[in-house]
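Q: Could you walk me through this one? I would like the overall picture, then a few local details.

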Amino acid sequence: PGTGKLQYFFYVWNKTMMMLISPPLSKRSTILAYCLATKSINHRVASFSSSHYPVASALKDPSLLGDLTVSDVDTAFDVIDPGASAGELSDGSAVIGRVGLMGRDDAKAAIDKASMALKGWRDGTTALQRSSILSKWSSLIKENSEDIAKIMTMESGKPLHESRGEVNYGTSFLDYYAGEAIRPNAAGGGFLSPTPFTHPGTSAPRGKIMAVYEAVGVCALITPWNFPIAMITRKAGPALAAGCTTVLKPSELTPLTAVALETLAKRAGVPDGVFEVITADKGLTREVGDEFCTNPIVKKISFTGSTPVGKLLMKLSSDTMKRLSLELGGNAAFIVFQDADIDQAVDAAMASKFRNAGQTCVCADRFIIHKSVEDEFVTKLAGKVKQISVGHGLKKGITMGPVITSDAVDNLKEKVEEAIAQGAKCVIGGSPLTNLGPNYFEPTILTNTKESDLVWCTENFGPIVAIKTFETEEEALALANNSPVGLASYFCTKDLSRSFRFSSSLESGIVGLNEGI
């Protein structure tokens, strides 16, 4: 990213005779992935053949998750179902599996392995061969889509229908980059341009300038829990297509999807060392991330996650001058003008706000509604919100699952209480759903919120609609742009002139017009 439009030119660098060119970063340049991690490269995953782990009995092919046993508490960590009840958390049945505990030494070993595999992958394969392997990987994921969707729901909490949708979303990146791999502007390709130089004493051009695209080298990928497959394929797809080798650190909350993807990558023909996975708990995440940032073998880091962690990664990577692609926090505005189709705006708001219980970085947080249509919008939105069925994502008919942790619930509760104390009105919701489990929170609508309210000025990552009204387009624009982040924004209008004028004025990398996703 670098122009305000989504562009995924991550892992290829432009080499000319005189300069290296990389895209500029700005507030508009939304950026890319999440946290960090490692104990033995060779025994990562617990055996899920035993019915002791609920995830095993849910799968047609438990071997997706590996076939080695990790039982020692010192070499493994638990993966917890965020949709579990308090009783299940208490009696231990919320543990859906265990994965190998890996740290700095494992991360270094994986980086070394990726470095050794680089020449063979980058120089020993054609673009067409790499394209074919990516296509095969995508096909295998689709063939195992139901198992992967169940794994995602059990470790991230999102409803099963959303997980199924994410499988399609995630494989689309592999399909796309399989196509990109063989284009003239892919790795190994490039372009010729006229030279500005002349032969001495003449005006005749001296040669041409040739730009060649090459794989940058070993890439470290750090992905979040909220999109366990899509954030991996969006990073690994372009890296592998370009001829790079990769070391992936998935979130400690959702490592099982990554393990399944690694299994399928190997079945698709991805060579050993080209796509390595490092799993770690929260305690070891920092040291793995530090190894990624300081190891000179790693040439690029791609990260999706919080702004503070992104800043830390950038700081730690400065000594080795790594390239970074960072997708950091959001606090998207959703503006509804007086001429908007209100039914359409409500549908867009529902899609934007309540997908994955509001836990996406492009979710709408700040709802800026024209004063003349506020009552209609709020009434219709509340009607839709009442229809949301909250519960465990594997249960039939559930349309919204839990938030990821009880800490997230506490954060949402505190924000709602603070806003109400400052004069906001709670139209619907506003409380934890403790009867379902410690990680559930009611879909919530707040009106009359203030710009100083935390529910307005900070990213919520939860199912809260915070509403503030406006009267003029200039006022709406000022409210929307009054944020230190600019990942996404949305607005609804029927006015064609306003559509172009307002979208060009919004300081966001993604702008949705009459759409919520």
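Q: What kind of model is it, and how many helices and strands does the protein chain have?
A: It is a predicted model, and its protein chain has 16 helices and 18 strands.

Q: What is the strand order in the seven-stranded open sheet?
A: The order is 14-15-16-13-12-17-18, with mixed pairing. Strand 14 (425-428) and strand 18 (510-513) are the edge strands, each pairing on one side only, and the twist from one strand to the next averages 25°.

Q: In which sense do strands 12 and 13 pair?
A: Strand 12 (residues 332-336) and strand 13 (residues 364-370) pair in the parallel sense, over five bridges; valine 336 has isoleucine 369 in strand 13 as its bridge partner.

Q: Which strands does helix 16 lie across?
A: Helix 16 (residues 496-505) lies across strand 12, strand 17 (488-492) and strand 18, and runs at about 160° to strand 17.

Q: Changing topic, where is asparagine 226?
A: Asparagine 226 is in the loop between strand 7 (218-222) and helix 7 (230-242).

Q: Buried or exposed, and why?
A: Asparagine 226 counts as buried because its relative accessibility is 4%, and the cut-off for buried is under 20%.

Q: What is it in contact with, leaving aside neighbours within four places in sequence?
A: Asparagine 226 is then in contact with Lys158, Glu166, Asn356, Gln359, Thr360, Cys361 and Phe461.

Terms used:
Residues are numbered from 1 along each chain as its sequence is written. This is a predicted model: local features need pLDDT of at least 70, side-chain atom pairs count only at pLDDT 80 or more; totals for chains, interfaces and linings use all residues. Side-chain values use heavy atoms; hydrogens and water are left out. Helices (H or I, at least four residues) and strands (E, at least two) are DSSP runs, numbered from the N terminus. Buried means under 20% relative accessible area, exposed over 50%, partly exposed in between (1.4 Å probe, protein chains only). Contact means heavy atoms within 4.5 Å. Two strands pair if DSSP finds at least two bridges between them. Axes are lines fitted to C-alpha atoms, for helices over the stretch in contact, and angles run from 0 to 180 degrees between N-to-C directions.
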